[in-house]
Amino acid sequence: MFIDIHTHAFHPKIAAKAVAHLNQAYQLRCEGEGTIDDMLRRGRKASLDAFLVLCAATEAAQVIPANNYAITLQREHQEILAFGSVHPDFTDWETQLDRLKKAGIQGIKLHPEFQHFRLDDTRLLPLFDAMQDTFTVAIHIGDRLPPAENPSCNSKTAAILNPFPPHRVIPPHPPCYPYWHHTLPTLLPTPLCLDRP
């Protein structure tokens, strides 16, 4: 079985806008439409059997809609495993975690750059504490800013992993790809699941 463990599919109402934002933010030219139907069509053409779809609420007001979408994707598509979302500014995160757990969602996506928080923000500590026994957490840490300016980087990831089981964390893109020289000394002692080379 071939599984793509890092995909994105946006609600049809925002897919075109989300793709345009990604193109601008990362100087890309995304080939897909950003919708679940287009992603599944392309995935099947590539002989993929299953997909992990990462959903992230870029602001607190999007947490409930993002989780609604993750739950719907997983319920309606047997080949989809969806990750939900939380945000440090969303105060009722415990209710959302309970809701996601009851819906069979097994993971949470965090994107400090797009969600506008630093990975060393102490507000995350109770969140990680609550998530560690139930959810795998995918944390985006692959942006180009130098570590001192970056909301998420290898050292911040290592610090947040110290009190929590590292096998429950996936750092996509793998860790700060422009700064490989920081990766080995910072994260190598910690067992992690990297999503791709």
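Is R41 buried, exposed or partly exposed, and what is its relative accessible area? In this predicted model, R41 is partly exposed, with a relative accessible area of 47%, and its side chain meets that of D38 in a salt bridge with an N to O distance of 3.0 Å. D38, by contrast, is buried, its relative accessible area being 4%, which falls under the 20% limit for that class. Both residues belong to helix α2, which spans residues 36-45, and because they lie three residues apart in that helix, about one helical turn separates R41 from D38.

The structure holds eight salt bridges, among them the pair formed by D121 and R123, whose closest N and O atoms are 2.8 Å apart. Within this pair D121 is buried, at a relative accessible area of 19%, whereas R123 counts as partly exposed at 37% relative accessibility. Salt bridges with shared partners also join D38, R41 and R42 into one network. A further salt bridge links the side chains of E31 and R29, with an N to O distance of 2.9 Å, and here E31 and R29 are both exposed.

Turning to helix packing, the axes of helix α3 (residues 63-76) and helix α4 (residues 93-102) come within 11 Å and cross at roughly 5°. Because angles under 35 degrees count as roughly parallel, α3 is described as roughly parallel to α4. On the α3 side the contact is made by V63, I64, N67, N68 and I71, which meet Q96, R99 and L100 of α4. By residue class, the contact of α3 with α4 comprises four nonpolar, three polar and one charged residue.

Among the strands, β5 (residues 136-139) is covered on both faces, with T136 and A138 on one side and V137 and I139 on the other, all of them buried. Strand β4, which comprises residues 107-110, pairs with β5 in the parallel sense over four bridges, and within this pairing I139 of β5 is the bridge partner of L110. Strand β5 is also joined by two bridges to strand β6 (residues 169-170), and these two strands likewise run parallel; in this second pairing, V137 stands opposite V169 of β6.

Notes: Residues numbered from 1 in each chain as written. Predicted model: local features only at pLDDT ≥ 70, side-chain atom pairs only at ≥ 80, totals over all residues. Heavy atoms only, no water. Salt bridge = Lys/Arg side-chain N within 4 Å of Asp/Glu carboxyl O. Buried < 20%, exposed > 50% of the residue type's maximum accessible area, 1.4 Å probe, protein only. Axes fitted to C-alpha atoms, helices over the stretch in contact; angles between N-to-C directions. Parallel < 35°, antiparallel > 145°, perpendicular 65-115°, else oblique. Contact = heavy atoms within 4.5 Å. Nonpolar A, V, L, I, M, F, W, Y, C, P; charged D, E, K, R; others polar. Pairing = 2+ DSSP bridges.
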